[in-house]
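Please read the following briefing beside the model itself. It begins with the overall fold and then turns to packing and to individual residues.

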Amino acid sequence: MHLSGSGFTPGPGFLSSPTAAGGSLTIGADGGFQKMNLENAQYTVSQGNEHTECSGFKGSQG
């Protein structure tokens with residue numbers, strides 16, 4: 001599964017899920033991020049005191 005988002009503050013963030021493994025992520029200078037090869041689950045991106053719920057999508061790029 002692929003997860004991406006935008007509109008964040010550049011810098012560190014954290015990805016968490018009640019049913020899947022999470023981990024740290026880096027928000028780019030444009031305020032966006034991408035995480036590849038995640039389990040199919042609902043995720044929350046946390047940055048400071050802000051928490052944003054996200055869901056990813058399955059698919060192939062080519």
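How many helices and how many strands does the protein chain have? The protein chain has zero helices and six strands, where helices (H or I, at least four residues) and strands (E, at least two) are DSSP runs numbered from the N terminus. This is a predicted model, in which local features need pLDDT of at least 70 and side-chain atom pairs count only at pLDDT 80 or more, whereas totals for chains, interfaces and linings use all residues. Residues are numbered from 1 along each chain as its sequence is written, and side-chain values use heavy atoms, with hydrogens and water left out.

**Overall fold**

- From the N terminus on, the order of elements in the protein chain is β-β-β-β-β-β.
- Buried residues (under 20% relative accessible area, with exposed meaning over 50% and partly exposed in between, for a 1.4 Å probe and protein chains only) account for 35% of the 62 residues in the protein chain.
- The accessible surface of the protein chain, computed by the Shrake-Rupley method with a 1.4 Å probe, comes to about 4,100 Å², and 46% of that surface belongs to carbon and sulfur atoms.
- Where contact means heavy atoms within 4.5 Å, 51% of the contacts in the protein chain between residues at least 6 apart in sequence join residues that are at least 24 apart.

**Nonpolar core**

- A nonpolar core is a set of buried Ala, Val, Leu, Ile, Met, Phe, Trp, Tyr and Cys residues joined through side-chain atoms within 4.5 Å; the largest one here has 13 residues, of which Leu-3, Leu-15, Phe-33, Leu-38, Tyr-43 and Val-45 touch the most other members.
- Strand 3 (23–27) and strand 5 (42–47) each supply at least two residues of this core.
- In soluble globular proteins, nonpolar side chains tend to be buried together.

**Phe-8 and Phe-33**

- The structure holds one aromatic pair, a term for rings of Phe, Tyr and Trp (its six-membered ring) whose centres lie within 6.5 Å, with planes under 30 degrees apart counted as stacked, over 60 as edge-to-face and the rest as tilted.
- Phe-8 and Phe-33 form this pair in an edge-to-face arrangement, at 5.6 Å centre to centre and with 65 degrees between the planes.
- The pair links distant parts of the chain, 25 residues apart, with Phe-8 in the loop between strand 1 (3–5) and strand 2 (11–16) and Phe-33 in strand 4 (residues 33–35).
- Phe-8 counts as buried because its relative accessibility is 13%, and Phe-33 likewise counts as buried because its value is 4%.
- Leaving out residues up to four places away in sequence, Phe-33 touches Leu-3, Ser-4, Gly-5, Phe-8, Leu-25, Thr-26, Ile-27 and Val-45.

**Gln-47 and Pro-12**

- Gln-47 lies in strand 5 and is buried, because its relative accessible area is 16%.
- The side chain of Gln-47 reaches the backbone oxygen of Pro-12 at 3.4 Å.
- Pro-12 belongs to strand 2 and is exposed, because its relative accessible area is 69%.
- Apart from neighbours within four places in sequence, Pro-12 is in contact with Leu-25 and Gln-47; Pro-12 and Leu-25 are 13 residues apart in sequence and 6.1 Å apart in space, C-alpha to C-alpha.

**Asn-37**

- Asn-37, in the loop between strand 4 and strand 5, is exposed, because its relative accessible area is 75%.
- Phi of Asn-37 is near 55 degrees, a positive value in a residue other than glycine.
- Most residues other than glycine have a negative phi.

Notes: Polar contact = N/O pair within 3.5 Å; in protein donor to acceptor, adjacent residues only side chain to side chain.
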